[in-house]
Amino acid sequence: MKPGPASPAIARIPIMPFGMVNAFALIGPEKVVLVDAGLPDTVPRFDEVLKRHGRALSDVSLIVVTHGHIDHAGGACQLREATGAPIVAHRAELPYLGGTQPPPFCPTGPFGRFFLRTGAPRAPWRHFEPDIQLDDEPLDLTDFGLDGHVEATPGHTPGSLSVRAPAGAALVGDMLASGVLLGGLFMTGRPKRPPFEERPDIVAREIERLASEGATDFYLGHGGPLPVKTALRHAKRLRELAS
Ligand SMILES: [Zn+2]
Ligand SMILES: [Zn+2]
């Protein structure tokens with residue numbers, strides 16, 4: 001008899017060192033779901049971490065792209081080729097993922113403005129059409145071999161997604177960051193806005209919603225993880241900013 005899905009283990013994939021850019025692998029009894037695809041040409045980072053957990057790229061059943069920025073979506077085509085797994089993303093993100101409309105990159109401070117001037121956020125990457133396109137209905141991960149679901153958590157971009165694993169883990173992409181500059185490095189217990197953010201008011205609402213629904217730990221694309229009370233403190237600050 002095949003074992004049923006079980007609470008997955010969360011493995012961080014270091015796309016850049018010191019937690020500056022993270023992707024994640026949710027490791028279930030048989031299958032693996034990847035959360036974010038990292039920068040272009042980072043398939044070996046995924047391979048390495050999976051091997052350390054006794055798994056292979058061929059065990060990947062799904063690639064969740066939280067949003068259409070290069071550090072989360074830039075490696076998705078190569079990962080799809082390496083794993084044979086489908087990519088899921090939100091429909092509102094299609095223009096960014098397909099390269100038909102660049103993200104607006106609304107800087108949240110001096111680092112965001114500087115970073116934009118370096119050209120790195122707009123560096124070329126392989127655009128794509130996701131195999132599975134979500135609207136506001138969550139996607140149950142049971143069909144992909146694990147407990148949990150993918151759901152819309154807009155704000156950072158209109159089609160940002162998060163993955164909710166059982167026991168309170170929320171993998172939220174760039175809903176918030178922690179640390180310094182891009183995120184990570186040091187002071188990683190301190191929440192911060194990512195370098196770019198489209199709608200801080202909606203981000204605050206989504207953090208508060210996840211908290212009210214039992215999220216206890218926020219796993220981040222840059223820095224983290226953060227406990228829920230720190231994430232809520234950040235949401236409060238975003239609300240003050242908006243008022
Ligand atoms: Zn982003
Ligand atoms: Zn990012």
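## A buried histidine

With a relative accessibility of 0%, His72 counts as buried, because anything under 20% falls in that class. Keep in mind as you look around that this is a predicted model. You can find His72 in helix H2, which covers residues 70–73.

Setting aside residues up to four places away in sequence, His72 touches Asp36, Ala37, Gly38, Val65, Thr66, His67, Asp174, Gly221 and His222. One of these neighbours, Asp174, also has a side chain joined to that of His72 by a polar contact of 3.0 Å.

## A zinc ion and its donors

Which residues hold the protein donors of the zinc ion (ligand 2)? They are Asp71 (OD), His72 (NE2), Asp174 (OD) and His222 (NE2), at 2.1 to 2.2 Å from the ion. Along the chain, these donor residues follow the spacing D-H-x101-D-x47-H. Asp71 is buried too, because its relative accessibility is 13%.

Why is the arrangement around the zinc ion (ligand 2) called irregular? The 4 donor atoms subtend angles of 85 to 162°, and therefore the arrangement counts as irregular.

Terms used
Residues numbered from 1 in each chain as written. Chains lettered and ligands numbered in written order. Predicted model: local features only at pLDDT ≥ 70, side-chain atom pairs only at ≥ 80, totals over all residues. Heavy atoms only, no water. Helix = DSSP H or I, 4+ residues; strand = E, 2+ residues; numbered from the N terminus. Buried < 20%, exposed > 50% of the residue type's maximum accessible area, 1.4 Å probe, protein only. Polar contact = N/O pair within 3.5 Å; in protein donor to acceptor, adjacent residues only side chain to side chain. Contact = heavy atoms within 4.5 Å. Donors = N, O, S within 2.8 Å, 3.2 Å for Na, K, Ca; no water. Tetrahedral: all angles 85-135°; square planar, octahedral: opposite > 155°, others 65-115°.
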